[in-house]
Amino acid sequence: MSLSVAALLRLLRPHQWAKNLLVFVAVFTAHRYADASAWTAAAWLFAAFCLAASAIYVVNDAVDVVADRAHPDKSKRPFASGALAPSSAWWITPMLLVAAALAGTMLPVAAASTLAVYVALSLAYTFAIKRMLWLDVLTLAALYVLRVAAGAFAIAVTLSPWLLGFALFLFVSLAALKRYGELAMHTGDALDGRAYRSADAPIVLAVGVASALTAVLVFALYVQSEDVRRLYARPEWLWLVAPVLLYWLARLWTLAGRGLVRADPILFALRDPASYLSGLALLALFRSAL
């Protein structure tokens with residue numbers, strides 16, 4: 001593999017595509033495991049989101065190339081390091097967006113429209129919102145929720161308000177954790193290119209932890225709802241999901257406070273054995289509840 005091809009792959013950030021697995025959430029929550037058409041639609045949506053997300057990362061790296069060159073980690077990115085010319089973003093980005101649009105033609109209009117909203121909001125985040133206090137956190141959370149919502153639209157199921165509420169608070173917590181992790185390792189007064197100062201860390205911590213607890217509370221209330229009794233034969237098993245979620249979120253926040261979660265908490269979790277064990281425990285509990 002030549003250096004240019006390797007750099008191009010790094011520019012697309014395929015490791016970030018794991019976030020797009022959220023489009024499959026609706027397949028599981030709607031209990032459509034044996035529905036091949038649902039899996040096919042979700043797979044097309046996953047491909048479209050991966051292409052669109054990579055396009056946004058290309059734009060982001062081109063816009064931030066000067067700031068990235070001064071960052072200890074981001075300076076290794078292809079544009080910042082000189083492995084690729086930033087001007088190549090002018091042809092890479094349209095190509096990726098066209099490919100995403102073509103994949104979107106295989107989806108229901110609602111799912112494709114949600115993908116378009118995701119792209120527009122991501123671009124707004126890249127050019128302006130990421131420098132706005134708390135709007136950046138809410139936007140990051142919204143981008144995660146849009147993946148979940150698009151997954152429901154792709155398989156033509158009603159988006160559960162329980163799922164929507166749980167996802168909103170969960171991803172607000174994780175987005176706040178990302179900012180808190182950056183503040184925990186920052187030595188200056190303010191984050192470069194962000195609206196946060198070192199003194200804001202306690203507030204970010206409070207909002208993030210409160211959102212995590214609220215997400216667990218929403219799930220606990222869901223366990224008592226009529227929807228659970230209709231979908232699960234043994235819903236009492238779902239009560240054990242709450243402490244597992246509480247453990248995972250509390251552990252992430254504790255590690256962030258120690259400066260060990262340096263970037264995206266989702267990517268950290270993908271390399272964290274305890275997160276994998278928590279995920280397996282959750283799967284086992286949901287399986288027991290069926």
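This briefing looks at one helix and at the aromatic ring pairs of the structure. The model is predicted: local features need pLDDT of at least 70, side-chain atom pairs count only at pLDDT 80 or more, and totals for chains, interfaces and linings use all residues. Residues are numbered from 1 along each chain as its sequence is written, and side-chain values use heavy atoms, with hydrogens and water left out.

**Helix α12**

- Helices are DSSP runs (H or I, at least four residues), numbered from the N terminus.
- Helix α12 covers residues 241-257, and its end C-alpha atoms are 24 Å apart.
- Buried residues of α12 include Val 241, Leu 245, Trp 248 and Trp 253. Buried means under 20% relative accessible area, exposed over 50%, and partly exposed in between (1.4 Å probe, protein chains only).
- Among the elements covering these buried residues are α9 (161-185) and α14 (273-289).
- Just after α12, Gly 259 takes a positive phi of about 80°.

**Aromatic pairs**

- The whole structure holds 13 aromatic pairs. Rings of Phe, Tyr and Trp (its six-membered ring) pair if their centres lie within 6.5 Å; planes under 30 degrees apart count as stacked, over 60 as edge-to-face and the rest as tilted.
- Phe 24 and Trp 39 are tilted, because their planes stand at 35°, with ring centres 5.8 Å apart.
- Phe 24 is in the loop between α1 and α2, and Trp 39 is in helix α3, 15 residues apart.
- Phe 24 counts as buried at 14% relative accessibility, whereas Trp 39 is partly exposed at 31%.
- Phe 49 and Tyr 118 are edge-to-face, with planes at 65° and centres 4.9 Å apart.
- Phe 49 lies in α3 and Tyr 118 in α7, so this pair ties together parts 69 residues apart in sequence.

How values were computed:
Helix = DSSP H or I, 4+ residues; strand = E, 2+ residues; numbered from the N terminus. Expected span 1.5 Å × (residues − 1). Contact = heavy atoms within 4.5 Å.
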